[in-house]
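This report walks through a few features of one protein chain, for a reader who is meeting it here. Please keep the sequence and the 3D view at hand while reading.

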Amino acid sequence: MARCRSYLRGLSICVTVLLMASGVVMIGVGFSSIDGNIPVAELFDQLSSSDGLLVLQVFGPVTVILSILGICAATLDAKRLLLVFSALIFVEFVAVMVVASPLVQVQAQMDSEVDEVFLNVTPLHRAERYIQTELNKLQNSDSCCGLRKFEDWENQFPASCLCTPPTSPPASDPSSRPGNSSSGGDCVMVGSDQHPPTPQVTDKTWVHSKPCGPILKSYLSFPIKLRIGIISAFATIAMAAIALCLALGLEKYWKKPPVESTVDDFNRVKYEPKPSLT
């Protein structure tokens, strides 16, 4: 029993240290500028990207302070302090779950709001110049073209959309028919029968078939997914810390009292609690 109690005490200290580490991570992510790395960020100025930041900024320091209290209580084996720590962490756990629950709904609404932004900015060749410049950088780095599809440029393709055609072109030439395109792996051949040739676009042009929209969506959703992941990790560690510290704090209710056995004159064994030294 003494060895089990020693293991339980050591485990509670380790879990409380993990809880403090999660609080430090919450502080770091809460005050960092991850959103500044989103390509073409000007497109999404009207979208709120700070959801969940306040949760991390407020509850991160609270978690660190309470974890220090819990480590001290477990190290000193202070029963009442362990119970106080468990109660405070439980209150914080409930508060975090209530405040952070809208993050899941925000993530679900993000796709529809971003699609509406993409629709409003097309056709891309008429978009503002700085948006075209930033989008060209993304198209060059990720080999994509357009936001929802390459037709967002309306055959006014910039050089960043062009790609190397496959070595073996298709047997038929569908570009002779207006508005048609031929796929070649990651590239697609487009015809400009409906538009006059430009220096970048001739009568047969290969462009990237992959749109840039999903890439931008992944950049936008990453901060929210990261905050949800950190809060989920905090919730898991907090529940484990509460359970372990409660087990230590309420030890007298589950620990079997020491007993001593005696044998009477009739060879009967009697078990009686050992008298307390106090």
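Predicted model: local features only at pLDDT ≥ 70, side-chain atom pairs only at ≥ 80, totals over all residues.

Since C163 belongs to the loop between α5 and β1 while C187 is part of strand β2 (residues 187–191), the pair ties together parts that are 24 residues apart in sequence. Both cysteines, C163 and C187, are buried.

## The other disulfides

Searching the whole structure gives three disulfides. One of them connects C144 with C212, at an S to S distance of 2.0 Å, and this link is right-handed, with 95 degrees about the S-S bond. The pair links distant parts of the chain, 68 residues apart, for C144 is in the loop between α5 (129–142) and β1 (181–184), whereas C212 is in the loop between β3 (204–208) and α6. C144 counts as buried because its relative accessibility is 0%, which falls under the 20% limit, and C212 likewise counts as buried at 0% relative accessibility.

Another disulfide runs from C145 to C161, with an S to S distance of 2.1 Å. The torsion about its S-S bond is about 95 degrees, so the disulfide of C145 and C161 is right-handed. C145 and C161 are each in the loop between α5 and β1, 16 residues apart, and both of these cysteines are buried. When the bonded cysteines are counted along the chain, the disulfides follow the pattern 1-6, 2-3, 4-5.

## Two further cysteines

C14 counts as partly exposed, at 48% relative accessibility, whereas C245 counts as buried, at 0%.

## Helix α6

Helix α6, which covers residues 213–249, has 37 residues, and from its first C-alpha to its last it reaches 54 Å, close to the 54 Å expected at 1.5 Å a residue.

## A nonpolar surface patch

On the surface, a nonpolar patch is formed by F90, V91, V94, V98 and V99, which together have about 440 Å² of accessible area. One of these residues, V94, is found in helix α3 (residues 79–100).

Definitions and conventions
Residues numbered from 1 in each chain as written. Heavy atoms only, no water. Helix = DSSP H or I, 4+ residues; strand = E, 2+ residues; numbered from the N terminus. Expected span 1.5 Å × (residues − 1). Patch = residues over 30% accessible without salt bridge, like charges linked within 9 Å, V, L, I, M, F, W, Y side chains within 5 Å. Areas by Shrake-Rupley, 256 points an atom, 1.4 Å probe, with all protein chains shown as cover. Salt bridge = Lys/Arg side-chain N within 4 Å of Asp/Glu carboxyl O. Disulfide = S-S within 2.5 Å. Buried < 20%, exposed > 50% of the residue type's maximum accessible area, 1.4 Å probe, protein only.
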